Amino acid sequence: MKKYFPLFVLALLSVIPLLGLSTYMMHILILVIMWTVIGMAWNLLGGYCGQVSFGHAAFYGTGAYTAGILYYKLGLSAWWGIPASIAVVAILSLVVGFVCLRLRGPYFALGTLAIGVIMRVTAENLVDLTQGDLGILIQERTWVEKIWYYYIILLIAAVTFLVIKLVVESKLGYYFVAIREDQDAAESLGINTTLYKIVALCLSGVLTGVAGGFYTNYMGYIDPGVVFALHDISIVTIMVVMVGGVATYWGPAIGALIMVFLAEIIRSIPGLGAAHHTLFGILLIVIIIFLPNGIVGDIPKLKKIFRLGGVSP
Amino acid sequence: MNAVQVEVLLQTLISGILLGGLYALIGIGMTLIMGVMKIINLAHGELMMVGMYVAYVLFTFFHIDPYLAVFFAAPFLFFLGVLIQKFLITPVLKVDSILPENQVILTVGIGMVLANVVTMIFKSDYLSTPVDYATKAWYLTDYWRDAPIELSLSFAWSVSFLFAIFITIALWFFLSRTDMGKSIRATAQDNDAALLMGVNVGRMRMITFGLGSALVGAAGCLFIPMYYLYPSLGGQFTLIAFVITILGGLGSTVGAIIGGLILGVFESLTATYIGMGWAPVGRFAIFVAALVFLPGGVASLLRRQRLGK
């Protein structure tokens with residue numbers, strides 16, 4: 001039963017559009033699945049390999065801009081951006097890895113944070129290539145209905161899930177966990193830690209970049225402030241995983257569901273919209289203090305709390 | 001090089017050093033926290049932003065000069081820092097989790113809350129404290145009539161710079177001459193050994209976090225006569241503080257001072273010769289260069305020299 005659970009979820013998700021949901025609901029669902037992809041990608045690097053990245057916006061934005069520039073400069077369909085972003089982001093990941101993976105733990109986190117900012121400033125200043133702050137507008141949209149976008153992102157999510165499951169359950173996954181638990185011990189056991197950290201970073205970066213390429217096609221407009229955003233991309237990525245569950249298969253999906261709906265609900269309540277970073281921040285603090293491994297990761301703890309609550313009057 | 005080019009270069013260097021002095025103050029706060037608690041405070045820039053708003057409120061409603069506001073903002077941030085350490089960071093240090101970087105992510109959350117709360121109170125408008133000495137400057141030709149080149153020294157920048165030097169000396173005195181300062185340094189060197197020697201490590205951590213916050217709050221007050229103020233300005237200063245600590249060597253106070261000066265001069269040069277918009281890229285170029293060529297920072301060079309003797 002457990003073995004077929006992912007297939008069951010996939011089947012369930014692929015019939016959802018047939019229910020005839022409103023365009024708005026479809027939009028939300030597409031965002032949830034897109035954030036699930038980004039969260040799963042981050043989880044591979046952060047959760048399994050233990051390298052917390054604060055700069056996933058760099059990969060996301062580069063993927064998005066690869067699609068945008070292909071359309072705007074070369075006149076190709078922006079959909080070519082998704083395969084192209086795999087190559088571009090892989091190269092970027094290698095460069096980032098060369099620089100940042102010399103750092104450990106929190107210093108790696110800050111190194112990637114800096115890379116994210118460098119990418120944003122570069123995109124803002126290379127006006128000839130990226131249009132700077134004007135952004136890139138995809139003039140002709142492929143489809144009007146959301147349903148096709150839904151199936152494409154669902155396909156991307158399914159492939160991402162499969163890739164991560166295969167990686168984590170292979171030898172590679174055990175290397176990653178060994179590096180997370182104790183890098184020096186892993187090194188002394190003969191694991192080439194630098195190599196495997198770069199592999200994790202490349203995989204994670206490429207998957208995030210693909211999500212970015214999809215975003216360009218879906219939204220039809222990108223600018224540096226949106227796709228390279230520190231808080232709204234890099235930090236939200238971390239929150240998706242932290243809230244859902246670090247180093248779990250389903251954590252990012254739960255986290256994405258909660259975060260996207262929470263953001264929408266906060267936005268729809270008048271007077272509260274301006275405070276959404278405060279609420280996100282408080283949620284983050286509460287989760288870290290009380291459920292440090294996320295909702296899925298701390299299920300035993302949650303069960304215990306509720307059982308205790310049930311027993312004591 | 002003709003006279004004009006020399007003039008531009010010297011002027012750039014002067015403003016770079018003045019900027020670097022203030023950067024050093026920000027960097028010292030971060031490096032202190034990093035040295036004692038072994039965590040990175042990603043809310044550092046936001047704390048500075050809070051300090052700047054304290055100075056702004058004092059100036060606008062009570063007409064207190066930003067330089068005097070240092071004496072109000074620093075204690076205020078000290079207490080804010082102590083509260084953050086006591087009620088948020090200490091509990092997280094005790095919690096067991098898969099990712100050891102939880103504390104870093106926690107400080108990000110604190111920073112987000114601070115920035116957003118300030119946005120809600122003051123709106124995200126650009127604010128400033130219009131002090132009457134903001135445009136005052138000393139000119140070289142006023143003192144030396146036949147000077148071949150013209151250099152100027154901004155009044156506000158120079159006073160801020162002197163304040164920064166004064167605070168740094170006071171801090172050095174505190175850390176090296178007082179018992180509490182020695183206890184803080186002992187905690188930074190070896191947590192367990194300090195505990196065995198009877199140092200109240202928990203209290204030292206609280207004081208260090210407060211001290212780091214107070215330093216960066218003071219730096220905020222010194223910046224405000226020259227800078228615009230807006231709630232999201234914290235993020236860029238967190239990054240600056242981090243670049244300085246990497247450049248200077250993690251946990252090294254002298255390194256942070258040198259790193260701050262290097263960064264200030266380098267940024268100033270980028271802004272003059274490449275373009276204003278590229279200054280942040282220059283900042284990170286030097287950061288990447290430091291990581292690749294000098295991973296231990298300036299502190300490792302200092303240490304090497306001392307060992308050589």
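In chain B, residue B:His63 lies in the loop that joins α2 (44-62) to α3 (66-94), where helices (H or I, at least four residues) and strands (E, at least two) are DSSP runs numbered from the N terminus. The structure is a predicted model, in which local features need pLDDT of at least 70 and side-chain atom pairs count only at pLDDT 80 or more, while totals for chains, interfaces and linings use all residues. Residues are numbered from 1 along each chain as its sequence is written, and chains are lettered from A and ligands numbered from 1 in the order in which they are written.

Although B:His63 is not a glycine, its phi is positive, at about 55°. B:His63 is exposed, with 7 other C-beta atoms within 10 Å; a residue is buried if 20 or more other C-beta atoms, placed from the backbone, lie within 10 Å of its own, exposed if 12 or fewer, and partly exposed in between. In chain A, A:Ala247, found in the loop between α12 and α13 (251-268), is likewise not a glycine and has a positive phi of about 55°, but A:Ala247 counts as buried, with 23 C-beta neighbours inside 10 Å.

The contact between the chains takes 38 residues from chain A and 38 residues from chain B, two residues being in contact if their C-beta atoms, placed from the backbone, lie within 7 Å. On the side of chain A that touches chain B, the elements giving two or more residues are α5 (105-125), α12 (230-244) and α14 (276-290), and the largest share, 12 residues, comes from α5(A). This side divides into 26 nonpolar, 10 polar and 2 charged residues, where Ala, Val, Leu, Ile, Met, Phe, Trp, Tyr, Cys and Pro count as nonpolar, Asp, Glu, Lys and Arg as charged, and the others, Gly among them, as polar.

Helix α14(A) packs with α4 (residues 102-122) of chain B at an angle of about 155°, their axes being 8 Å apart; axes are lines fitted to C-alpha atoms, for helices over the stretch in contact, and angles run from 0 to 180 degrees between N-to-C directions. The two helices, α14(A) and α4(B), are therefore roughly antiparallel to each other, a term for angles over 145 degrees, with those under 35 counted as roughly parallel, 65 to 115 as roughly perpendicular and the rest as oblique. Residues making this contact include A:Phe280 and A:Ile288 of α14(A) and B:Met112 and B:Val117 of α4(B).
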